[in-house]
Amino acid sequence: MNKLKKLFEKVPELKEQYELFENTILNENSLDKKYIKYVAFSSAIALKEKDLFSLVEEKLGKLEESEQKAIFLASSRMATTNPYFMARNVHPLKAGGSLESLNMSVIQNLGVKDMTAYHYSCISISSINSGFVCFNSHLSNLKAHSQSDNSIDQAMRITASLNSLKQLLFNISLLD
């Protein structure tokens with residue numbers, strides 16, 4: 001990405017953030033390649049950054065229709081549930097507090113083909129949105145689906161690396 005090269009010329013120490021991204025998606029193998037793709041695209045979408053989406057697409061290929069559906073479902077649902085359940089966590093109320101109160105179907109009714117991939121998308125998005133109630137719920141589901149701590153940690157580092165790249169892209173905009 002040419003924009004990043006310009007920033008790295010001015011501040012070469014920042015290149016380690018790009019290296020974190022590349023290493024976690026291309027060189028590490030705790031997390032299944034399929035789930036790496038879900039996490040990386042989910043992060044780019046949650047960060048609302050088209051340049052990052054393009055970078056992920058360049059590195060990992062285009063999303064298939066079923067992958068896109070699952071990630072779009074996760075991002076749209078987390079955009080609703082993350083702030084709602086975090087706010088309710090601050091001060092519990094005796095009303096609402098369920099997916100039904102948000103007019104949302106339960107996950108099993110969504111037609112998602114790979115629930116593990118969906119849960120990886122949700123922890124990635126929830127991490128970015130600071131939706132830690134949802135994060136914990138989806139993390140528990142990953143553990144129930146026998147996902148290792150190393151795999152989950154790799155997913156979280158992919159998310160962190162993309163969040164850092166978003167900051168770098170903003171920093172670049174200040175150079176112009």
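This is a predicted model: local features need pLDDT of at least 70, side-chain atom pairs count only at pLDDT 80 or more; totals for chains, interfaces and linings use all residues.
Student: What should I know about the model before reading it?
Tutor: Local features need pLDDT of at least 70, side-chain atom pairs count only at pLDDT 80 or more, and totals for chains, interfaces and linings use all residues. Residues are numbered from 1 along each chain as its sequence is written, and side-chain values use heavy atoms, with hydrogens and water left out.

Student: How are two packed helices described?
Tutor: By the angle between their axes and the distance between the axes. Here, α4 (residues 50–60) and α8 (residues 149–175) pack at about 130 degrees, with axes 10 Å apart. That makes α4 oblique to α8. Angles under 35 degrees count as roughly parallel, over 145 as roughly antiparallel, 65 to 115 as roughly perpendicular, and the rest as oblique.

Student: Which residues of α4 and α8 make the contact?
Tutor: Contact means heavy atoms within 4.5 Å. Asp51, Leu52, Leu55 and Val56 of α4 meet Leu162, Leu165, Lys166 and Leu169 of α8. Six of the contact residues are nonpolar, none polar and two charged.

Student: How do I read a nonpolar core?
Tutor: It is a set of buried Ala, Val, Leu, Ile, Met, Phe, Trp, Tyr and Cys residues joined through side-chain atoms within 4.5 Å. The largest one has 46 residues, and Tyr120, Leu162 and Leu165 have the most contacts inside it. Helix α3 supplies the largest share of this core, nine residues.

How values were computed. Axes are lines fitted to C-alpha atoms, for helices over the stretch in contact, and angles run from 0 to 180 degrees between N-to-C directions. Helices (H or I, at least four residues) and strands (E, at least two) are DSSP runs, numbered from the N terminus. Ala, Val, Leu, Ile, Met, Phe, Trp, Tyr, Cys and Pro count as nonpolar, Asp, Glu, Lys and Arg as charged, and the others, Gly among them, as polar. Buried means under 20% relative accessible area, exposed over 50%, partly exposed in between (1.4 Å probe, protein chains only).
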